Amino acid sequence: MTAALALAVIAGAGAGCTAMPSPFDGERSNADELPAIVPPMEGADAASSRYQGQSSGYDVYLLKGKPPSQICLVVTAGTADTTLTSCSGGSWLQTTVSDGTAFRVQLQGFDGDPDPTGTEVSPWVHDVTGIDEG
């Protein structure tokens, strides 16, 4: 009886510990394709792009980086003039578009983040416009 109880406790403890999924899990869909207006990015794997959603009139995509980059972000409002690309060698990045709209990426997600995290675009991307303004 004691051995069965111990196994149940161990199984229950393991069930609650799951890693944050990656934005690159699962198959790509047509929505994940980068728009033709996005310029080639030297530090990014374009075939890994994943559409994250829309915020403030911008479509947001994440891409796997090519070393030394780990993650890349594409933000576009549909024209070459309104498209911004950015890469980081770490697990997070933040970029601001010319109109002041700001996006923050955290590959580990935003759960438990003590700072204000803005508007969720996806579990990995938030629109943080105005949060850092004093």
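Predicted model: local features only at pLDDT ≥ 70, side-chain atom pairs only at ≥ 80, totals over all residues.
Me: Where's the place of Arg 104?
Reply: Arg 104 is in strand E6 (strands are DSSP runs of E, at least two residues, numbered from the N terminus). Residues are numbered from 1 along each chain as its sequence is written, and side-chain values use heavy atoms, without hydrogens or water.

Me: Is Arg 104 buried or exposed?
Reply: Arg 104 is buried, at 10% relative accessible area (buried is under 20%, exposed over 50%, partly exposed in between, with a 1.4 Å probe and protein chains only).

Me: And what stands opposite Phe 103?
Reply: Asp 127 in E8. Strands E6 (102-106) and E8 (125-127) run antiparallel, with three bridges (pairing takes at least two DSSP bridges).

Me: Switching topic: how many aromatic pairs does the structure hold?
Reply: Two (ring centres of Phe, Tyr or Trp, six-membered ring for Trp, within 6.5 Å; planes under 30 degrees apart are stacked, over 60 edge-to-face, the rest tilted). One of them is Tyr 51 with Tyr 61, edge-to-face at 5.2 Å and 65°. Tyr 51 is in strand E1 and Tyr 61 in strand E2, so that pair ties together parts ten residues apart in sequence. Tyr 61 is buried at 5%.

Me: Why are Tyr 58 and Phe 103 edge-to-face?
Reply: Because their planes sit at 80°, with centres 6.2 Å apart. That pair links strands E2 and E6, 45 residues apart.

Key:
Helix = DSSP H or I, 4+ residues; strand = E, 2+ residues; numbered from the N terminus.
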